[in-house]
Amino acid sequence: MAARLQMGVSLGFHIIFACIGMVMPWFMFVAEWKWLKTNNPVYLDLAKAWSKGVAIFFAVGAVSGTMLSFELGMLWPTFMKHAGPIFGMPFSLEGTAFFVEAIAIGLFLYGWNRLSKKVHLITGAVVGISGVISGIFVVAANAWMNAPAGFDWVNGQAINIDPVKAMFNKAWFSQAHHMTIAAFSATGFAVAGVHAILYLRNKLEIHAKAITIALAFASVAAILQPISGDLAAKNVAKLQPAKLAAFESHFETQEKAPLIIGGIPDLENREVKHAIKLPGFLSFLAHGDFNAEVKGLEEFPEDEWPPVPITHYSFQIMVGIGMFLMLIAFIFLAGTFKWKHWLEKSWWLKMLIIATPLGFIAVEAGWIVTEVGRQPWIIYGIMLTKDSLTPMPGIQYTFYTVTAIYIVLSFVVIWLLSRQIKMLHSKYLSNG
Amino acid sequence: MAEINLFILVICLLLYVVLGGADFGGGILELLTRGKAAGIVSKAIAPIWEANHVWLILVVVILFVGFPSVYSTVLTSLHIPVLLVLIGIIFRGSAFTFRHYDIDEATPKAIYSAIFQYSSVFTTFFLGVTLGGIILGNITLDYQQSFYDGYLRPWLNWFSLSMGLFLVLLFAFLAGIFTVSELSDEKHIGYFKRVSKRLIWSLVVVGAMVFAAAEASGHPLFYEFLHSPVSIIAVVLATLALPLFWIYLKQHNRLMLRLVAGFQTTMIVTGWFAIQFPILVKIKDGPDITLQSASAPPRIQLILFLALLVGVLIIFPSIAYLYKVFKFGELPNSEK
């Protein structure tokens with residue numbers, strides 16, 4: 001259990017830095033591009049300020065990612081021994097993509113005076129593109145754990161391994177678009193929210209521009225996300241019916257299955273209390289037909305159930321936030337075309353501030369949904385998580401250590417960013 | 001195909017030791033010289049340190065794709081030193097970046113520097129200890145044994161600890177040479193030349209200690225060394241290269257200094273590898289893990305090789321461009 005928690009903390013920490021490291025470069029790219037187009041120096045300041053943020057997040061993301069590549073083996077050696085050759089291909093390609101990203105980021109950060117403006121802008125784009133590609137590779141590897149493919153499992157050994165098939169497993173595409181869009185949405189709202197806080201305090205042009213760029217990305221992503229989520233859910237229904245049942249705490253197999261919103265799952269009586277039920281909607285969600293039959297948890301032996309309450313709550317949180325962010329996205333798009341000076345409205349800025357952490361809460365919840373929802377399996381249907389655990393005793397101590405380090409590091413990063421912002425402000429406010 | 005991938009792995013490891021070594025060594029050198037190296041080293045490595053880091057990730061990926069039992073065995077038995085290396089990497093990388101980007105104020109800077117310096121030593125030391133543990137052969141496959149036998153003994157021994165010390169000095173030395181060739185004012189050059197010379201001598205002494213410690217830990221390293229012509233040649237060449245340092249230090253020949261340092265490190269790694277090959281991890285109570293027994297099926301090795309090839313074709317031109325843009329090897333003041 002400590003091992004699972006450690007993996008959870010490490011991944012939960014890394015996922016935030018990875019998302020920001022993969023999306024913020026796009027923002028700074030747009031800011032620089034706008035600067036080249038409009039010659040407004042505010043955009044240049046914004047690109048530079050953001051690039052410092054990217055540098056900090058990228059560095060922490062890189063070290064926490066390195067940590068993960070070892071932790072997989074330190075905590076789950078048996079899993080890696082069998083799975084390494086099968087799902088290693090996306091990792092080796094990810095290594096290349098990450099390498100390119102690291103090189104491009106070096107060029108971007110230190111090359112302001114050494115590269116021509118055009119080349120510099122291109123390095124920014126390369127950072128963004130390679131970041132997204134490397135993210136997709138990692139997600140493809142994770143998808144394989146949900147939808148194992150590309151090998152035959154005979155007597156506890158994998159034979160006839162086909163890494164290409166393993167990489168393009170049945171879950172990779174739906175997980176990849178869902179995660180990539182989520183990263184854009186979460187980072188966009190987080191960045192917009194932070195700048196909204198600052199804008200509320202000091203009406204600086206730079207923050208208004210920042211909010212617009214970040215929200216433009218976030219809105220498109222937030223509107224696409226429910227569609228992507230729907231595709232992902234249909235895929236889960238097909239590949240991992242037990243997981244889908246856990247999302248919704250759907251105990252009995254039935255036709256016209258209701259969509260359960262909220263509520264408290266009661267495992268003993270196999271029911272969900274205090275929930276809103278929309279008859280038929282789960283059938284529609286899972287199979288695109290209101291009358292379709294949805295398999296309930298009762299179809300599976302209880303020791304193969306994922307932890308139902310955690311999965312259920314996380315799923316509800318993720319979907320709820322997703323809906324709220326989509327609403328903000330529509331307001332933003334409507335506002336951009338309809339109203340003038342609408343950025344001045346404080347209700348709107350406050351709404352953005354509320355949304356600051358929400359995207360990432362949804363990302364974390366979604367990640368819990370997919371990881372905890374796969375339990376008790378580490379490779380779905382093939383290998384149990386507990387069977388792959390390291391034999392070393394005392395893992396709880398490494399868990400405490402790693403957690404403590406990550407907590408401290410998170411605080412330091414927040415503190416650093418606030419200092420960066422102060423630095424930026426002192427420049428603007430002293431210049432009048 | 002497995003041999004080729006193993007070869008690529010060794011090259012990556014070598015690049016990590018030489019390029020990353022100068023970077024880790026930067027922190028060690030800062031500590032040794034009480035901060036004198038601070039500005040110089042960090043300025044030189046800042047644009048490339050992220051890229052350096054990726055060599056290690058490549059090593060890990062090649063291991064778990066191509067040689068999964070090496071990966072899982074090492075990370076089980078040497079869990080503790082590897083964890084310490086990782087904690088060190090987190091502290092170092094973060095402190096280095098924070099020092100670079102934070103507002104220029106004395107107190108936080110001093111804290112970042114201290115963390116960067118001490119964690120550089122710490123990380124390098126345990127990296128050496130881990131390597132020592134892989135070479136020595138105290139790793140057991142019987143996980144029912146006591147905690148000490150299973151998870152401490154493989155690395156808590158004279159040989160591994162002396163390997164840790166050796167690596168710290170080696171990295172400091174690489175950084176020393178790197179710094180000397182980056183400098184332009186005479187006063188500092190003289191100082192760092194003296195430091196580098198002292199580091200060379202310490203390396204020779206500790207190198208001998210490593211052999212002695214191997215005997216004390218029950219590993220007939222010297223005997224195996226004598227029976228491996230390749231490693232004898234490698235060590236002889238490395239030793240013969242020593243006087244070259246004096247010549248080039250005197251001439252202040254930047255390029256040759258770096259080449260010789262790189263050559264020597266290559267020889268040390270080659271020497272070690274030749275003794276060991278085809279054994280990858282020595283095991284105490286079972287058959288050693290060899291190239292043959294660890295290798296994933298040929299098809300996997302082929303695909304891994306193709307993936308690496310694609311990587312190389314993309315990565316090397318980009319790295320060359322990175323180095324070209326930042327003009328490594330040229331006078332540092334030429335762009336001021």
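The exercises below, each with a worked solution, concern a predicted model.

**Exercise 1.** Determine whether the radius of gyration of chain B agrees with that of a compact globule.

*Solution.* Begin with the expectation, which for a compact globule of 336 residues is a radius of gyration near 20 Å. Chain B has 20 Å, and therefore agrees with that expectation. Next, consider the extent of the chain along its principal axes, where the C-alpha atoms of chain B fill a box of roughly 60 × 40 × 40 Å. Finally, turn to the interior: 52% of the 336 residues of chain B count as buried, and, among the contacts in chain B with a separation of 6 or more, 77% are between residues 24 or more positions apart.

**Exercise 2.** Describe how helix α6 (residues 106-136) and helix α8 (residues 158-182) of chain B cross.

*Solution.* The two axes come within 7 Å and cross at roughly 135°. The crossing of α6(B) and α8(B) is right-handed. Residues in the contact include B:Phe125 and B:Gly128 of α6(B), together with B:Gly164 and B:Phe171 of α8(B). By class, the contact of these helices has 14 nonpolar, six polar and no charged residues.

**Exercise 3.** Characterise the side of chain A that touches chain B.

*Solution.* Start with the count, in which 52 residues of chain A are in contact with 54 residues of chain B. On the chain A side, α2 (41-75), α3 (77-110) and α13 (395-430) each supply at least two residues, and the largest share, 22 residues, comes from α3(A). Sorted by class, this side has 34 nonpolar, 14 polar and four charged residues.

Conventions: Residues numbered from 1 in each chain as written. Chains lettered and ligands numbered in written order. Predicted model: local features only at pLDDT ≥ 70, side-chain atom pairs only at ≥ 80, totals over all residues. Contact = placed C-beta atoms within 7 Å. Helix = DSSP H or I, 4+ residues; strand = E, 2+ residues; numbered from the N terminus. Nonpolar A, V, L, I, M, F, W, Y, C, P; charged D, E, K, R; others polar. Rg over C-alpha atoms; globule rule 2.2 N^0.38 Å. Buried ≥ 20, exposed ≤ 12 C-beta atoms within 10 Å, placed from the backbone. Axes fitted to C-alpha atoms, helices over the stretch in contact; angles between N-to-C directions. Left-handed = near helix turned anticlockwise from the far one by under 90°.
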